Every structure is written in structure tokens, then in C-alpha cells.
Amino acid sequence: MVSRVIPVDPFDLVIFGGTGDLAQGKILPALFRRFCAGQWAEGAQVIGAARTDYDRDKFRNLVRNSLESHAGRHSQDTAALNAFLQRVDYVTLDAVADHGWAELAQKLQPDRVRAFYFSVGPRLFGPLAERIEAYDLTTPQTRIVVEKPFGHDLESARALNATLAAHFRESQIYRIDHYLGKETVQNLMAVRFGNMLFEPLWNSQYVDHIQITVAESVGINGREEYYERAGAMRDMMQNHLMQLLCLIAMEPPAKFDPDAVRDEKLKVIRALDPVKPHHIVRGQFEGESSSYRKAVGNPRSTTESYVALRAHISNWRWAGTPFYLRTGKRLVARSSVINVMFKDAPHSIFGADAGRHANALSIRLQPNEGITLKVTIKEPGQGGMRLVDVPLDMSFAEALGAENQDPPDAYERLVMDVIRGNQTLFMRGDEVEAAWAWTDPIIAGWQARGDVPKPYESGSTGPGDAELLMKRDGRRWQGINP
Ligand SMILES: NC(=O)c1ccc[n+]([C@@H]2O[C@H](COP(=O)([O-])OP(=O)(O)OC[C@H]3O[C@@H](n4cnc5c(N)ncnc54)[C@H](OP(=O)(O)O)[C@@H]3O)[C@@H](O)[C@H]2O)c1
């Protein structure tokens, strides 16, 4: 099956922080892959902007090197690489001074989509927004893209929203949560709302519980200072896991349009109960070769590198169905999976010997994106009726052919959505604030109690208490498999 590529309108995309890790490792490779796919219109250009005193050729060299490391097989296509680099420009510019802004203004075309990607630390969002306005760079087709972290708590998120709102309309602001750009996450919506099969069962009557796991095998390399202030709760739970929870739990929106989808997600966050202290487990990795405290150079650090919790959504659909969420660093494998665990059949006609069997729908985000439905069938062979659970695998690569072996990176989808002007997969300001409003009391509780995270072995599945969180409820986590 060959996927269709619909070219976007001509655009000028300015990446503030164009020399930084995110721009070089994610944004530019994503733009290059979309260029190779034929999605760029004639004349579209990307302009890097940062303080480093580069000329255009030096910046192009930097981009070439980054693409060779990060853009996969496409970077071996020298003709495409050279053609792409012709569309790359650079301005030496300071977000907090006037240097470079007049030059940037000259490079922008008046009648095309104009996107400003704020790939810089959040303290620069305000100064950038002010200068975009002061230099009269905003046109009716202007959008800005902002990265996580969107605030540190509710108060700072409100302040950031207010800063941006002073210069841009909400319809111009694209807050990135790259999990929403993952192909499987979008597929989750297609599976839920494009089929008759699942939605009637998608409630507390049939779903026993839901598990959301975002496990990372890496540590916090290069981000020690930020991470020590943030921890797993702020870095992952408040945004990525919360967004996944929303998509799993939300009511069907009337339309697949930005506000309809985001209204439903917001209702889920607002229906979340406060989390009870004994429903949360915090952990911190330790071990001979990699210890969190050594990594951050703070032998008394109480920042969590792991968090698991049990959440409840107080609404008609989900009352009584717990949602177990966990995320952590230096775990046994890199694996992000949502498991929808259905209830047992109400009565087994096969007798007690047949054991307990329940359906499970697993939505794998990484690696090997795909969806698996576990169903119960008869074990082949003669002699009695033995039951066995087998996966019905909807792996995209197999189902959709070789061309889909390499699903688009989340940033490819998201950056093109910015150009198209489609905000569906971006967070709205009120969503982010509601997520902080749920998270803040949890963190404040830890601080008030002087909570210390439980140690867990690097390369394990997390602290033993996280197993207990499930065991107490007569349930268990699904494995963390690469
Ligand atoms: N890296 C990731 O994978 C990742 C993932 C998710 C979110 N983020 C977020 O994305 C943002 C950028 O992260 P990063 O990892 O790319 O950071 P980084 O590597 O430190 O890059 C920061 C960029 O900002 C530029 N910059 C700094 N001060 C500036 C100023 N006054 N005026 C203009 N440019 C300035 C830097 O270039 P000069 O020094 O040349 O000015 C550099 O290009 C951060 O908000 C981060 O939290 C990053």
C-alpha cells in the first residue's frame, strides 16, 4: 500500500535555536525526510537562527553532518541532500538583543505560511515573542511552535501562556508533545473511532484496567541539571503519559478537528481524581555503573527517575476502572506500550481446568509500532479442550507493506501539521494548565512529607513497590520487552 503525500503550501520556517540539539537531531532531519517524500512546495525554505556567528555555508555544513547522523537512509541520497541544503539559510541573531532581526525580516516572504519554531529554553519565549512583534514579523499566516517543558508547575505554565497570549492568538500557538505525533498514537484514534468493534467495549463494564508504560533504558545524559529540577513526574507523567491517558479515555469527539478533540481531552484531565499517596511509587535508579545520584552529582538527591501511579477517572464511562501509569529511566528496555486489559468472560463453559483468559489490546508506541489483540483460542490437537491465548498482530510494517517498515518520525508529522495549520495533535493552553493542576498537589505532597524515592537497580523493571501497587489489587504489570 503506497501512502499518499499531499504537498503543503510554500512556507518560511524559522528555527530559533537552529544550532541546538533538538533542531539538529530532530527538527531538521524530520524536515529533510518530508522534503525527500516530496511534501515541500517549490520555494519553501528553513532558516536557522542562533547567536553562533555562522554564515550560510557553515550552517549548511552543520546541517549536512547532522543529517548524515540522524536522517537514516535518506541521507545517502546525495542529490536530495544537496537540493535540501539549497533551501537552508541562517541568520546570526540574539533573542534578547536586536542583533540579526532586521536581516531575518528581509529573508521572509510576505504571502506564505510563516512558522517560528522556538527550539530554545523557555526563558527565551517571551523575548522572542516580543521581538517578532516589534519587528512586525507577524502575518495572518504566522504560527509559533513551542517545546516542552511548558512550565514547571501551574503558576509558571499560566505565566508562559499569558506571555504568549500577549503576542499571539491561541490558534497560532502549537505546543508540541511529540508523543502525539507518533503514528501509533494517531492509530489509536483510528482503531477506537474507525471501528465498531472496540468502542462498545471501551468502558468500565468490560475493561478491567488500563496500563500505560513508558520505559526508557537510557539515563539522563546531558540533561542532569534540568532533570534534577524536574524528575519523572514533570518530565514525562504530566505531559506524555497524561496525553496518552486522555486519548485512551476520552469520549468520541464529534469531529476530528482541533477543538473537538482537545475539548474531550480536557474533560478527561478535569475528571481525574486526586491521587492518593499510597497509590504512587517513586523510584531512583542505582547500581555499580550507573547511579542517579552520582549522575547528577548530588548524593542526597530526592528527585525521582521513576514514577508509577494508579489514577481514577470519575465519570460514567470509567468509574471503577483503574489506570496504572508508570515511567522511568534506566529500565530493562526501551518500551512504550498501552495495554487495555479486558475483564474475564463472565462464565467459562470449559470448566475450571481451562484457566482464566482475558482479552488484551496492546498498543505499542516504541519500538516496533503496532497493535496486538490477544484472543483466546483452542490449543491445536486432539484430546480435550485446552485454551491458549494468541496475538492477533496488527503490526503496521506487515499489514501495510515494506514501505511502512519505516513509519514517519513524530516530528515529521507535527512539523508538517504546523505548516498545514492543523492543531489537532498539539496541546491547548487550558489542557496544559489542567494537567499541572492535577500534578502540582502530588509533588507538593512529596515535598511536605519529605518523601524519598525507593532505589531500584539500573536495568530492572523498577522498584519492587511498583509491583506491589498492582499486586494489592490482584493485578500485575505486563512485561517491559524491547
Ligand atoms: N534536545 C531534545 O531532544 C529536546 C527534547 C524535547 C524538548 N526540548 C526542548 O527544546 C528546547 C531546545 O533544546 P536543545 O536540546 O536543542 O537545547 P540546546 O542544544 O542547548 O540548544 C539551544 C539553542 O538555543 C540557542 N540560543 C541560546 N540562547 C540564545 C539566544 N539568546 N538567542 C538566540 N539563540 C539562542 C543556542 O544557540 P547559540 O548558543 O548559538 O545561541 C542553541 O541553538 C529546550 O526548551 C528543550 O527543553 C529538547
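This is a predicted model: local features need pLDDT of at least 70, side-chain atom pairs count only at pLDDT 80 or more; totals for chains, interfaces and linings use all residues.
Residues are numbered from 1 along each chain as its sequence is written, and side-chain values use heavy atoms, with hydrogens and water left out.

Helix α12 spans residues 410-420; helices (H or I, at least four residues) and strands (E, at least two) are DSSP runs, numbered from the N terminus. Nine of the 11 residues of α12 are buried, where buried means under 20% relative accessible area, exposed over 50% and partly exposed in between (1.4 Å probe, protein chains only). Among the buried residues are Tyr411, Leu414 and Ile419. The elements covering them include β1 (11-16), α1 (21-36) and β4 (113-118). At the helix start, a side-chain oxygen of Asp409 comes within 3.0 Å of the backbone nitrogen of Tyr411.

UniProt, in an unreviewed entry, places the feature "binding site" at Arg51 and Lys148; such annotations may be inferred rather than shown by experiment, and positions are given in the numbering used here, with feature names shortened. Arg51 lies in the loop between β2 (45-50) and α2 (56-70) and is exposed, with a relative accessible area of 63%. Lys148 lies in the loop between β5 and α6 (154-165) and is partly exposed at 24% relative accessibility. The side chain of Lys148 reaches the backbone oxygen of Asp235 at 2.9 Å.

Definitions and conventions
Contact means heavy atoms within 4.5 Å. A polar contact is a pair of N or O atoms within 3.5 Å; within protein, one must be able to donate a hydrogen and the other to accept it, and residues adjacent in sequence count only if both atoms are side-chain atoms.
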